[in-house]
Amino acid sequence: MKTLVILSDTHGHREGIEKLRGLFAENSCIIHLGDGAADMREISAEYPDKTYVCQGNCDFYPALPEYELDVEGVRIFFCHGHKYRVKSGLSRLAEEAKRRGCRVALYGHTHRALISEENGLLLVNPGSLRYPAGEGGSYCYLTVSGEKVVPVLVGESVF
């Protein structure tokens, strides 16, 4: 079993990241989906083998990639989402993830935490730690055990 902490759109809110620091040590993988890539410098330095950071549309950082990651045989695609116009719908993102042979797509950009499915593809947005569209901030705790993928959105408790 592998566990992943997924966050996005921190926009300079390092206090929120610090409150999650204890989780980072305990988990298999840490994923930041962009718009606050620089906020992850210390975490990336501390956990270089398990931290992934994507380029967001508000990141003025050297170009960071989109990723595909195999976790216990489950292929996961993750990106910020702006290139796939996720504010207008998730079909472009789902198509790209399927094209890459992935079963799960992680994205940010909308600041809205959401778990959905499209044509058998699991789509997860952890929301935003900094400027959430709803009440309080949020992140996602994702568990992968064999073929089973369980996303849990966690909110407000981080503040």
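In the predicted model, His109 lies in the loop between strand 6 (104-106) and strand 7 (114-118); helices (H or I, at least four residues) and strands (E, at least two) are DSSP runs numbered from the N terminus. Residues are numbered from 1 along each chain as its sequence is written. In this predicted model, local features need pLDDT of at least 70 and side-chain atom pairs count only at pLDDT 80 or more, while totals for chains, interfaces and linings use all residues; side-chain values use heavy atoms, with hydrogens and water left out.

His109 counts as buried because its relative accessibility is 12% (buried means under 20% relative accessible area, exposed over 50%, partly exposed in between; 1.4 Å probe, protein chains only). Its side chain makes a polar contact of 3.1 Å with the side chain of Asn57 (a pair of N or O atoms within 3.5 Å; within protein, one must be able to donate a hydrogen and the other to accept it, and residues adjacent in sequence count only if both atoms are side-chain atoms).

In helix 4 (residues 91-99), Leu93, Ala94, Glu96 and Ala97 are buried. Viewed down the helix axis, these residues fall within an arc of 165°, so they line one face of helix 4; the arc is that of the directions from the helix axis to the C-beta atoms. Glu95 and Arg99, on the other side of helix 4, are exposed. The cover over the buried residues includes strand 5 (74-78), strand 6, strand 7 and strand 8 (121-125), where contact means heavy atoms within 4.5 Å. Gly101, which follows helix 4, has a positive phi near 80°.
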